[in-house]
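Student: I'm new to this one and would like a close look at a single part of it. Could you walk me through it slowly?

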Amino acid sequence: MNDSTERGLRGSVGVTGIVFLVVAAAAPLTVIGGALPVMIALGNGAGSPTAFLVAAAVLLIFSVGYAAMSRHMVDAGAFYAYVRTGIGASWGLGAAGLALLAYTAIQAAIYGLAASAVRSLVVDYGGPRLPWYVYALGLIVLVAVLGYRNIELGAKVLGVLLVVEIGIILVLSAAVFLRGGAHGIDAVSFTPSAFLGGSPGIALMFAIASFVGFEATAIYGEEARDPKRTVPLSTYAAVLVIGVVYAIASWAMVLAFGSDEVAVAAGEDPSGLAFTAAGKFLGPFAVEVMRIMLITSLFAALLAFHNAISRYLYVLARDGHGPRALGRTHLRHGSPHRGSITQTASAVLVVGAFAAAGADPVLQLFTWLSGLATVAILLLMLLTSIAVIAFFARTRLDRRIWHTRIAPALGALGLLAVAATVVANFATLVGSTRAAEVLLVLVVAVLVLGVAWAKIRTRPGPASVGGVAASADTAG
């Protein structure tokens, strides 16, 4: 029986469901338990909470133009579709290459971190000490099963996991505040001197990386109820929820050890900082719960990125830039099932390559590829800001100056500043100067090759089913 159809994606996900998908990709508990201690130790210490607010502010300004453009086009290609429509098909294909590179890299990175966390938990509970890639393969299979089906099933699973995940974060934060932290409640974290102390660039780099995946608000547009309303609302809601949760939780983590002592504590035990705080303010049982929730947090992020990649593959094939079979949806589920299968295969190849090379799942697979994804996404968002300005300048569909010119321009400048900071500190992020150079070259190469490939094609692909006017694709 044929399980494929030429019909488009199907679904009726609302604002809440899409926000769940986006926040799940951000993996809040992973950020608080993993990224935050490194931000504190290597970055600006007690000023780290402000870094999350700065990152959220930059992304909110970026979202103004992004949301305005989403009211005039609905396309699962998201950033790719926006860049293609705004500044041309050639740049659009380059943007698609960056998106696939970023999401494939970040998902493979998370497989490494998740497999390491699962192995550690299994061993601590008396289980066998199996190679990390065995656990990674098991996670890949679970993600493949859910990713193959309708997005609404994935949204429900992520919703349950996310509620529990954010719940434990907020409970820990509340306990710290109610008990007055280590030395009382203070607002040192939000002072200019704290934010600018130490290395704020490194803190900002990790903070912006913690928002990777919020593009999904537009990716799921074709599967949303009333997408022209749902996508803008979901975008603002996702950035605000992520920013507020990160700021509150990171502030609580600082207070748990004291503003003057948290940097030392993070430097001495970065991987255990959050668990130490949980044990101190909630008790030993909470530590075990958090260890389990860290794994479910990582699983939620894996599923969210799997969904994003499979939809990119679907849209590219639909637009004539990939095998036609990938541009078909499942007859019953309405999902990009073949894109899902392809994404699963690519995850096996990338993770398998690192495993075959004997790479460390955290120090190399996670660190290197998460850094790669951060740079690629920043460049992709910068291109999207430019595309928004160009789109409205050409079409005049929206004459609000703030939404179509000022905010996108300010967003582009903010993203450019963050990107420069990330590149300047990239070797610190990945832990190797040589690896940093290779990864940065790879990002540029993918963009250039995508643009070049589009220009040398003798026959351009058809306009996207979900996009706006086909004439907008021909620019560039």
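Student: Is Ser234 buried or exposed, and what is its relative accessible area?

Tutor: Happy to take a look, but keep in mind that this is a predicted model. Ser234 is buried, and its relative accessible area comes out at 0%. A residue counts as buried when that value is under 20%, so Ser234 qualifies. You'll find Ser234 in helix 11, which covers residues 227-257.

What does Ser234 touch there? Leaving aside residues up to four places away in sequence, Ser234 touches Val15, Ile18, Val19 and Thr217. As for helices in general, an α-helix has 3.6 residues a turn, so residues three or four places apart point the same way.

Now let's step back to the whole chain. Helix 11 belongs to a chain with 19 helices and 2 strands. Of the 476 residues in the chain, 58% are buried, and Ser234 is one of the buried ones. Among contacts with a separation of 6 or more, 83% link residues 24 or more positions apart.

Just after helix 4 comes Gly88, with a positive phi of about 120 degrees.

Methods:
Residues numbered from 1 in each chain as written. Predicted model: local features only at pLDDT ≥ 70, side-chain atom pairs only at ≥ 80, totals over all residues. Heavy atoms only, no water. Helix = DSSP H or I, 4+ residues; strand = E, 2+ residues; numbered from the N terminus. Buried < 20%, exposed > 50% of the residue type's maximum accessible area, 1.4 Å probe, protein only. Contact = heavy atoms within 4.5 Å.
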